[in-house]
Amino acid sequence: MAQNAIDEQRPSTKRPRRANPFAAIGRFFGGIVLFLKQVMDELRKVVTPTWRELLSYTLVVLVFVVIMMALVTGFDQVFGRVVRWIFAGVSPLEA
């Protein structure tokens, strides 16, 4: 017990452990490798659509885009006429 008290009073002769300067580089490249492994795992889960599904999805997207174009065009026409009516004094029914 007396020896433990003496050991606690002495300063430690061990040098503090220095950080590895290459540890950050290893973590960086390790993270890239892990990311690429996860990407490959996810790509293995992907199922290629059949031609019928591909055609169906394409038509759905095209119809949606046409509807959105018509909607935005209509709003643009309405707001344009309202702005011309307010600031230029042109009747909204005129071109």
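The questions and answers below go through a predicted model of one chain.

Residues are numbered from 1 along each chain as its sequence is written. Local features need pLDDT of at least 70, side-chain atom pairs count only at pLDDT 80 or more, totals for chains, interfaces and linings use all residues, and side-chain values use heavy atoms, with hydrogens and water left out.

Reader: How many helices and strands does the chain have, and in what order do the elements run?
Author: Helices (H or I, at least four residues) and strands (E, at least two) are DSSP runs, numbered from the N terminus. The count is three helices and zero strands. The order from the N terminus is therefore α-α-α.

Reader: Where in the chain is confidence lowest, and where is it highest?
Author: pLDDT is the predictor's confidence in each residue, from 0 to 100. The chain averages 85, and 84% of the residues score at least 70. Where pLDDT is low, the predicted coordinates should not be read in detail. The lowest mean, 60, belongs to helix α1 (residues 2-9), and the highest, 96, to α3.

Reader: What distance does α3 reach from its first C-alpha to its last?
Author: The expected span of a helix is 1.5 Å times one less than its number of residues. With 38 residues, α3 has an expected span of 56 Å, and the model comes close to this. The distance reached is 54 Å.

Reader: Which residues form the aromatic pair, and is it stacked or edge-to-face?
Author: Rings of Phe, Tyr and Trp (its six-membered ring) pair if their centres lie within 6.5 Å; planes under 30 degrees apart count as stacked, over 60 as edge-to-face and the rest as tilted. F75 and F79 lie four residues apart in helix α3 (residues 51-88), about one turn. Their centres are 6.1 Å apart and their planes 20° apart, so the pair F75 and F79 is stacked.

Reader: Is F79 buried or exposed?
Author: Buried means under 20% relative accessible area, exposed over 50%, partly exposed in between (1.4 Å probe, protein chains only). F75, at 46%, is partly exposed. F79 has 53%, so F79 is exposed.
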